[in-house]
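Work through the exercises below with the model open. Try each task before reading its solution.

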Amino acid sequence: MELEMVRYLSKLAKLEFTDEELERAVEDMTSIIEIMDTIKDIDITYDPYKDNHNVYLEDLRADEAKPSLDTAKLLQNAVSQENCFVVPKVVE
Amino acid sequence: MIELTISELRKKLDSKEISAAELTKEYLDRIDKVDGKVESYITVTPEKALEQAAAAQKRIDEGNAPALCGIPMAIKDNICTVDVKTTAASRMLENFVPPYNATVMDRLESEGTVVLGKLSMDEFAMGGSTQTSAFKKTKNPYDLNCVPGGSSGGSAAAVSADLCAAALGSDTGGSIRQPASFCGVTGLKPTYGRVSRFGLIAFASSLDQIGPVARSAEDCGTILNAIAGWDLHDGSMPKITEKPDFTSKIGMDMKGVRIGMVSEFFADSVDEEVRKSVLAAIDSYKAMGAEIVECSMPSLKYAIAAYYLISSAEASSNLSRYDGIKYGHRADVGGSYNDLIIASRSEGFGDEVKRRILLGNYALSSGYYDAYYGKAMGLKQKIREEYAGIFDQCDIIVTPTAPTVAYGTNENYHDPKKMYQADFCTVTVNIASLPAISTTCGYNKDGMPIGMSVVGRMWDEATVIGAADAFEKTFTRVPAKL
């Protein structure tokens with residue numbers, strides 16, 4: 001795998017690497033892709049219509065409002081909070 | 001007493017030979033003395049465990065104790081426990097305290113189970129050695145210089161070292177069965193959809209399944225009885241309302257049972273001692289009257305690629321929730337919203353997790369999707385069809401659980417390719433949603449445990465448990481010496 005591809009994937013993944021880490025990532029990903037490339041030998045097509053057996057729409061609950069966790073519980077793991085999740089300014 | 005099975009402990013508790021508190025204290029003492037060497041626990045909760053033991057004792061005294069009442073268990077650290085830190089062995093979740101319980105925890109609590117603490121694992125369950133844990137790189141109780149397997153390495157090592165009576169793990173591509181094999185205990189991966197995934201920190205949602213690690217197949221069945229069953233919070237479960245007894249085939253007669261021997265699982269990459277040991281176990285079944293059917297699974301050679309593409313694609317999507325804002329590690333940086341997310345994720349995730357995210361993004365990215373993810377999904381269907389063909393001729397399949405015994409703590413870790421290829425015996429079971437159990441079938445010349453897996457049809461855990469139990473009754477386990 002080329003360095004540029006690893007840079008592109010890192011951007012998609014919202015990850016950043018030092019130059020040294022990038023070099024190692026290129027090496028690792030090249031080796032991993034060698035295994036993944038074995039499936040290029042096989043002529044196979046995915047049929048999405050065969051593959052919906054794990055969706056049990058009939059068992060979903062009725063669309064009714066139910067009590068949820070309270071705000072304090074939902075915020076207990078946020079590092080920065082003022083009775084809401086605090087994020088850096090996104091609008092100038 | 002701490003080395004006994006759940007069914008033996010049940011008798012001791014019910015006959016008042018030991019109280020739930022005394023039993024709990026024995027395990028806590030053992031953790032104090034031994035876990036410094038094994039490093040299986042990330043968090044121990046002694047006060048909570050003793051409170052639960054006191055409550056369990058009341059039910060025992062009243063004479064209405066369920067099967068797990070007063071039994072000290074421990075839980076893999078990717079299963080949410082309300083008000084008890086749940087880290088998934090990642091810096092990303094180092095301080096995460098869940099505001100709710102996983103469904104399996106509610107079910108264990110309603111049985112009166114005592115929970116001793118949370119067990120180490122590979123970070124976000126990605127790995128087969130427990131050496132990617134950010135906190136405790138667990139050791140194998142049979143040889144502290146070897147890995148316990150993974151990702152549920154803490155669960156298997158803790159059971160093996162008598163640091164709990166049984167444990168819960170999770171299995172996405174072999175993460176219960178392979179460590180059970182390496183640590184000489186029994187581990188069950190139930191059918192996908194049998195146990196609720198609500199509260200399990202997601203890795204690959206179409207493959208993840210919670211299951212037990214214990215000292216016997218019967219104990220695995222007892223735990224599955226407690227944790228299985230439909231849950232409104234998990235949309236991947238069919239609404240099966242009847243509750244089967246997963247121990248109903250304990251003591252089953254193997255006469256006439258058709259056992260599939262799939263040649264590809266005994267490939268050259270399987271260590272000679274492992275192969276011989278599993279073949280000897282198949283001979284034992286034959287001596288019990290089972291019929292051996294030779295079968296083939298041509299797609300097995302593509303299974304590692306299919307598994308890593310599907311699981312990494314799902315992981316890259318599941319792990320996009322870690323942004324440092326709602327929960328999890330938040331980097332101390334200025335700058336934009338995007339800068340905060342990138343820094344938080346880059347600091348919070350370990351190397352293996354980052355590799356899986358990169359691979360998942362590659363498999364799903366424009367221009368590569370059809371060649372990788374699309375083909376992997378096609379292979380998933382093909383593997384399922386091949387299993388269906390095999391189960392037309394057989395009742396169960398017996399395979400090695402892993403191609404080798406436990407390896408040294410520094411081997412493989414820096415070679416992801418080698419690490420991934422070692423999973424070829426287990427991943428197809430997850431791809432096909434099947435139940436499978438691993439139990440010990442021998443020891444190599446150095447005394448390291450060898451595991452075999454019994455794989456069954458979807459929803460037929462009772463038969464795989466029964467077949468594993470039939471073998472266990474003929475086999476003498478050698479406990480780890482610590």
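This is a predicted model: local features need pLDDT of at least 70, side-chain atom pairs count only at pLDDT 80 or more; totals for chains, interfaces and linings use all residues.

Residues are numbered from 1 along each chain as its sequence is written, while chains are lettered from A and ligands numbered from 1 in the order in which they are written.

**Exercise 1. Describe the fold and spread of chain A.**

Step 1. Assign the elements. Helices (H or I, at least four residues) and strands (E, at least two) are DSSP runs, numbered from the N terminus. Chain A has three helices and zero strands. Their order from the N terminus is α-α-α.

Step 2. For the 92 residues of chain A the rule gives 12 Å, but the radius is 23 Å, well over that, so chain A is more spread out than a compact globule.

Step 3. Along the principal axes, the C-alpha atoms of chain A fill roughly 50 × 45 × 25 Å. A residue is buried if 20 or more other C-beta atoms, placed from the backbone, lie within 10 Å of its own. Buried residues are 12% of the 92 in chain A.

**Exercise 2. Characterise the side of chain B that touches chain A.**

Step 1. Count residues. Two residues are in contact if their C-beta atoms, placed from the backbone, lie within 7 Å. Chain B puts in 52 residues and chain A 43 residues.

Step 2. Find the elements. Those of chain B that give two or more residues are H9 (303-318), H10 (337-348), H11 (351-364), H12 (370-393) and H13 (416-421). H12(B) gives the most, with ten residues.

Step 3. Sort by class. Ala, Val, Leu, Ile, Met, Phe, Trp, Tyr, Cys and Pro count as nonpolar, Asp, Glu, Lys and Arg as charged, and the others, Gly among them, as polar. This side of chain B has 30 nonpolar, 13 polar and nine charged residues.

**Exercise 3. Which strands pair with E2(B)?**

Step 1. Locate the strand. E2(B) spans residues 72-76, and five of its five residues are buried.

Step 2. Apply the pairing rule: DSSP must find at least two bridges between two strands. E2(B) pairs with E3(B), residues 114-119, in the parallel sense over four bridges. Pro72(B) stands opposite Val114(B) there. E2(B) also pairs with E4(B), residues 166-170, in the parallel sense over three bridges. Here Ile75(B) has Leu168(B) as its bridge partner.

**Exercise 4. Is Phe124(B) buried or exposed?**

Step 1. Find the residue. Phe124(B) lies in the loop between E3 and helix H5 (153-160) of chain B.

Step 2. Count. Phe124(B) has 30 other C-beta atoms within 10 Å, so this residue is buried.

Step 3. List contacts, leaving aside neighbours within four places in sequence. Phe124(B) touches Ala88(B), Ser90(B), Ile201(B), Phe203(B) and Val353(B).

Notes. The radius of gyration is taken over C-alpha atoms; the globule rule is 2.2 Å times the number of residues to the power 0.38.
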